[in-house]
Amino acid sequence: QRRRDRRERERLDTLREKQRRKAKHRTRRRISPTALKRILIMAAVVAAFVLSMVIFFRVRDIQVTGSTYYTAEEVIAACGITKGDNLLTISRGKAAGSVMAALPYVKTVQVTRHLPDTLELTVTEYDVTYAVQDTSDGYWLVTSDGKITDDKAVKSHILVSGFRIASPVIGEQLSVAVTEGQEAAGEGQLAAMTSLLQELEKSDLTKQVVSVDIPASYELAFWYGSQYYVKLGNKDDLPYKLEYLKEVLKNLEDYQSGTIDLSFSEGSEARFTPNK
């Protein structure tokens, strides 16, 4: 029995020694000169990249295109990027958001990097602004998506009536002034306004529109010049209704004036009621 135990211990010792040798051999293979050389090369590449980001690719020129309301200097100041900043690490989304927040007439901003040292800001501005009245009888200019841009007078701007706005702040979204408990109705009017104004712009009708009336979300209307009062009903199918309007106008004489009802509340046909 003692001999068997001794042989078993010797066998286990031999097995352990073989395992240690294999482990040692694998370790040597992992850190072979070839592998070590590759590791050093990779480390050098990473170091060179980091160094190039720190030393090179600095913003030396900021170009602004598309801006008419604001000067290039105003747009650059609003973006929050200065010469000397790293071109590769700047946040383009943050820069664009800063410009739109600071400059109300800016609709979108595209920020483009041009290596090695140039940043381009391409600005798109709102083409049309509309006048709305606040609860203190003052007029404010707003965009088709409800952004307040200025507190200039109403002259030469399309007037939006049917509601008033509460606590206007330039650069922020307007809110409809309502009594307590009528918040949903106010939100409906705002949604109806943005839908109608955006569709008027898409249909290229804003040059003919004098005023827009939105007493409720289901009572949209506007004056087309001084001749026609156009009733649209709710905001459903607005693109279709406005294209229908263009066809109706083709069949009316220049001397005619009256109400064009496109609400389709009594069927699928438009109704024209001439002024007496």
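Let's start at Gly-80. This glycine follows helix H3, and its phi is positive, near 80°. Keep in mind that we are looking at a predicted model.

Now back up into H3 itself, residues 72-79. Which residues of H3 are buried? Val-75, Ala-78 and Cys-79. Why do they sit on the same side of H3? They cover an arc of only 100° around the axis, and that puts them there. An α-helix has 3.6 residues a turn, so residues three or four places apart point the same way.

Turn to the other face of H3, away from the buried side. There you find Glu-73 and Ala-77, both exposed. And what covers the buried residues? The cover includes strand E1 (61-65), helix H4 (92-102) and strand E3 (118-125).

Next, a helix pair. H5 runs over residues 183-202, H6 over residues 238-250. They pack at an angle of about 45°, and their axes are 10 Å apart. Who makes the contact? From H5, Ser-195, Leu-196, Glu-199 and Leu-200. From H6, Leu-238, Pro-239 and Leu-242.

Last, confidence. The protein chain averages a pLDDT of 89. Of the residues, 93% score at least 70. Where is confidence lowest? In helix H2, residues 33-55, with a mean of 73. Strand E9, residues 220-224, is where confidence is highest, at 97.

Methods. Residues are numbered from 1 along each chain as its sequence is written. This is a predicted model: local features need pLDDT of at least 70, side-chain atom pairs count only at pLDDT 80 or more; totals for chains, interfaces and linings use all residues. Side-chain values use heavy atoms; hydrogens and water are left out. pLDDT is the predictor's confidence in each residue, from 0 to 100. Helices (H or I, at least four residues) and strands (E, at least two) are DSSP runs, numbered from the N terminus. Buried means under 20% relative accessible area, exposed over 50%, partly exposed in between (1.4 Å probe, protein chains only). The arc is that of the directions from the helix axis to the C-beta atoms. Contact means heavy atoms within 4.5 Å. Axes are lines fitted to C-alpha atoms, for helices over the stretch in contact, and angles run from 0 to 180 degrees between N-to-C directions.
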